[in-house]
Amino acid sequence: MRIRKHLITTAALVGSALAVQGMAFAQNSAGPCGWSRDLKLRNGKILTMDAKNSIVSEVTIQDGHFTNVGKVANEKLNPCTKIIDLHGRTVVPGLIDTHNNFISLGLRPGYDVRLETAFSISEIQTKIKSRIKTAPAGALITATAGWSVQQLAEKRMPTMAELDAAAPNNPLFISPTGPGGGLTNTLGKEFFESKGVKVSSEGTLVGAGGPGGNSDAIAALRSVQTFEDEKRGAIDAETYSVSLGLTTNVDQGFNFLAGTPDLQDSQAGGPGIETFSPWTFYDAFLALNREDKLTARLRIFHYAVDKDMSIPIIKE
């Protein structure tokens with residue numbers, strides 16, 4: 001994957017409540033200035049991270065480089081420079097996560113809702129309702145991994161009735177990291193049962209691994225996921241990343257899906273939220289890269305456990 005040669009995503013706006021808004025500009029934007037990524041930030045508190053920990057009120061980026069740091073007189077700007085008034089907000093350099101599973105986040109099935117900052121069942125309901133507003137009518141909503149029952153004030157999973165209250169018109173599937181297992185609402189129960197997945201009357205998934213087992217559920221969710229869904233999820237993941245000021249992700253791979261051709265002795269397991277075919281895992285992000293639609297940098301790690309260079313996965 002080629003490295004993008006601009007620095008627009010090196011800044012993230014931090015509001016007075018420390019809410020962060022990422023900034024990225026698509027190269028193919030409409031209008032006569034659609035080609036330009038030149039940017040000027042002013043009226044803010046910009047952390048330069050230099051040796052003196054200087055804080056300046058404005059910076060200018062032209063042709064992918066910082067041309068001015070701080071106020072300057074008689075500054076010459078490209079006429080297509082985008083000027084953003086920060087209104088006192090704080091700007092920090094883009095952050096780099098050197099080990100995560102970012103691509104698998106982008107390939108989450110359904111319309112993913114992040115729950116790591118929900119600390120009660122009512123907050124889970126609020127986040128689900130908010131996500132539904134940005135998804136098509138009746139879309140499948142999911143919240144898989146990245147959160148724990150232990151972070152909730154109630155120290156329990158929501159009930160099926162509570163999920164129905166949050167998503168009465170959307171099939172919903174949630175599954176925390178650690179204890180809790182997969183849980184669905186009434187419409188989700190109908191969906192999973194149509195795919196042959198057993199669901200208890202309380203909405204608990206009964207699949208591989210017994211009650212709470214998610215393998216069958218994940219396989220059912222993946223069965224209706226299209227390539228366009230994967231691309232949309234990848235964009236959602238990048239938008240989420242940049243909104244936190246995280247502008248570079250170093251992905252550390254994934255588990256191999258059992259049954260994938262030409263794995264030979266490579267370690268493989270059943271369907272899971274971070275289990276994929278290595279032959280198709282990167283396709284959505286590569287497609288977006290070719291279309292120049294990525295808003296954050298991504299480095300990928302080609303994971304293989306075999307040592308014989310004649311094995312297809314190492315050749316690939």
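Begin with the lining of the largest pocket, whose residues divide into six nonpolar, eight polar and eight charged (Ala, Val, Leu, Ile, Met, Phe, Trp, Tyr, Cys and Pro count as nonpolar, Asp, Glu, Lys and Arg as charged, and the others, Gly among them, as polar). This is a predicted model, in which local features need pLDDT of at least 70 and side-chain atom pairs count only at pLDDT 80 or more, while totals for chains, interfaces and linings use all residues. Residues are numbered from 1 along each chain as its sequence is written, and side-chain values use heavy atoms, with hydrogens and water left out.

A pocket here is an open set of points on a 1 Å grid over the protein atoms alone, where a 1.4 Å probe fits, with protein on both sides within 12 Å along at least five of seven lines, and lining residues have an atom within 4 Å of a point. The space in this pocket is about 570 Å³, a volume being the space filled by probe spheres set on the points, which are joined across faces, edges and corners.

Now colour α1 (102-106), α2 (121-133) and α6 (227-243), the elements that give two or more residues to that lining; α6 gives the most, with seven. Helices (H or I, at least four residues) and strands (E, at least two) are DSSP runs, numbered from the N terminus.

Finally, select β18 (residues 246-251), which three bridges join to β22, and find V250, whose bridge partner in β22 is R299.

Note on methods. Two strands pair if DSSP finds at least two bridges between them.
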